[in-house]
Amino acid sequence: MFRIGNSYLMEIVRVEHVTKQYAGHKALDDVSLAVPEGCVYGLLGPNGAGKTTLIRIINRITAPDSGQVWLDGRPLQPDDVYRIGYLPEERGLYKKMKVGEQAIYFARLKGLSRREATLRLREWFDRFGIRPWWNKRVEELSKGMAQKIQFIVTVLHRPRLLIFDEPFSGFDPINANLLKEEILRLKDEGATVIFSTHNMSSVEEICDHITLINRSHNILSGRVEEIRHRYGENLFQIDFLGDGESLRRELGERFGTVEGGEESSLYDSLRVRLDTPDRIRELLSLVNDRVAVRGFREIIPSMNDIFIKAVEGKLQI
Amino acid sequence: MGKTGVIIGREFNERVRKRSFVLTTILTPLLLVGLMVAPILVSRLGPDQKKEIIVVDRSGVVAPRLESGERLSFRPETESLETLKEKRKDVYGFLVIGSDVLTNSRNVQLYSYEAPTLEVEKELSSRIARVVEAEKLKAYRIDSLPQILQQVKTEVTLQTFRIDEQGGEQERSGVLSTILAYLSGFLIYVFVFLYGAMVMQGVIEEKSSRVLEIMVSSVRPYELMMGKILGIASVALTQFLIWVVLIFLLGGVVVPLVAGDALAEGTSALSGGMAGAMGPLSGIDADSLEAFRRVTDPAFLGRIFVGFVVYFIGGYLLYAAMFAAIGSAVDNVTDSQQLQTPVTIPMVLALVVMLAVMNDPDGGLAFWFSMIPLTSPVIMMARLPYGVPFWELVLSVTLLYASFAGMVWVAGKIYRVGIFMYGKKPGLKELMKWIRYKY
């Protein structure tokens, strides 16, 4: 069994021991994970790790060789996919069709009436500021523009579960931000969002949970904050005014590793690695005794660091 | 049906609004009627210029009896060919008839300034031949010979009847049946491939542009495939109906207009032209007037029309399902060639067999090939104008539509797997494997 952190939220998706073999290589090897309802869930991993395969299995595009996928506590049924909003990695639209007409077509395939689809689309087009595109042909749009349309089409019927495969690829920073905001807004409205990415900054900003897949294995799962703390290295930074040289010597004798902190013209800065977090008080009182402390904080590794270390196999898991 | 309906709607609207659709729908009947009318127009424009031919008759027999007609005028001269050539350069040519023409009919020469048309050559030879024949007959000294010949002259127009099972007799015309059989069999062949390929291209386009990936989370692949097949079927039927209406309208207005009061002449030229266009069937315009009259028999035409629609739809559906499966398996049109071959063979075979079937529309070959669903649309259409027993029709149509249902099931399986397979070019064996694939 598999549990995420301390969260006892209702699970919307559960993947159990899924294995998928392609000719020549194993895309997924005994991968398990659970997605709590109402969160933003990041699927991380280097290229070719098996993220897309997993997403395609959840969407029933391909079948796993073994293992099972559950949705809302029941094994995934063929018709369940119609309750999922899925944005595939390879995106495509009918090139010759007009934008508005095409969006209405996809919306109707998802069960919306023409009237309802038009109303909702108008709203979305206004929000993205793309109203003037309505009567353009898709072939006249840039890649980023077409991607916006596809995002809208994916979320238009307000599914409870949204799965985006690499939603940020091809977006400039401004539009990537717009997308982040929209993902958080969808979450606020109660949707669960699963997305795959290797854009780490987006992970810290919007993900509640992550799973890191590397070489077809799930090597790390959990709440983002918890993971970052779990892999904290008891590294503390002290910003201060006073005699840095003697402090450095003294700290080195008592605690071992000492390195320079962030450069600043206002104060000096040192970083100390503790062998156990219990010695924080000891550190603080010593420092407080010697210099005028301006700041004290734990240096928590970024997801980017954890990602790189985990993938390179340097992380103790 | 809801979602399939939406897909059919899109397929139909997108295709019908294309400029190429509008153009082919309007231009094809114009072209066809134009092809029918052209021979009439040509025959009316033809005789405008009279061709003057100077006759140097050394036998003295032929020249006096060559009467100037509408197209050719003859002027006998006695001077030698060389001097005439010097003096008269404004004529069409010089006809030299040897003195021994009665015994040596080869001794006739035509010298002309431009290459003589086949028509002129034919007319000259037959006229001279008639004169010579008459001269020869005169030698037998039978007084009333011309009258006798007139009375003896006979033309046979064969009326054929088919004895049906009830012992009744059905009239049917050989010539008309042949034309109709050939035409409708061939049209089915063309239409099935035309629109079947359209289905395949549509699927390939959706697959290679990755539109399908978006749609899988909203529609069942099976609905997607059926929507495309039925959508294009509705396009095909629309186009076909517009063609039929336009051809009848245009034909009804233009043909009498062009032919004017010489309608009989016109119709004969018309069906002559049709037969000429048919290549292997040329030279069958002997009783074309009679045949043409029967074209206007609504009951007969209606039967052919209904048969055509039923067999076209059935044949199209069967082949479209196979084309959809092929389209789903490949990434682009060039890759599809290899897989198309096994689909094309039965159709081409049907076209080849059709010629044999028309010679023996009730034989064993005809029967079996009109039962096999892959060939029955073409072969049955080729047999239909000759009359086919009702039970054979029912059986053949049932087999056709039943095999469509089976084929759609198989194609749906292949389609489901194929649309998400990229990169490798699958062979026929692989496709067979996909049918049993679990997903």
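**Exercises on a predicted two-chain model**

A:Arg279 is buried, with a relative accessible area of 19%; buried means under 20% relative accessible area, exposed over 50%, and partly exposed in between (1.4 Å probe, protein chains only). This is a predicted model, in which local features need pLDDT of at least 70 and side-chain atom pairs count only at pLDDT 80 or more, while totals for chains, interfaces and linings use all residues. Residues are numbered from 1 along each chain as its sequence is written, chains are lettered from A and ligands numbered from 1 in the order in which they are written, and side-chain values use heavy atoms, with hydrogens and water left out.

**Exercise 1.** Describe the surroundings of A:Arg279.

*Solution.* 
Step 1: Locate the residue. A:Arg279 is placed in the loop that joins strand E13 (268–273) to helix H9 (280–290) of chain A; helices (H or I, at least four residues) and strands (E, at least two) are DSSP runs, numbered from the N terminus.
Step 2: List its contacts (heavy atoms within 4.5 Å). Apart from neighbours within four places in sequence, A:Arg279 is in contact with A:Arg254, A:Phe255 and A:Leu274.
Step 3: Examine the polar atoms. A polar atom of the A:Arg279 side chain lies 3.3 Å from the backbone oxygen of A:Arg254.

**Exercise 2.** Characterise the interface of chain A and chain B.

*Solution.* 
Step 1: In chain A, 25 residues are in contact with 23 residues of chain B. The buried area, which is the accessible area (1.4 Å probe) that two parts lose on being put together, summed over both, is about 2500 Å², and carbon and sulfur atoms give 57% of it.
Step 2: Find the salt bridges (a side-chain nitrogen of Lys or Arg within 4 Å of a carboxyl oxygen of Asp or Glu). The rule finds three across the interface. A:Arg56 forms a salt bridge with B:Glu213, with the closest N and O atoms 3.3 Å apart.

How values were computed
Polar contact = N/O pair within 3.5 Å; in protein donor to acceptor, adjacent residues only side chain to side chain.
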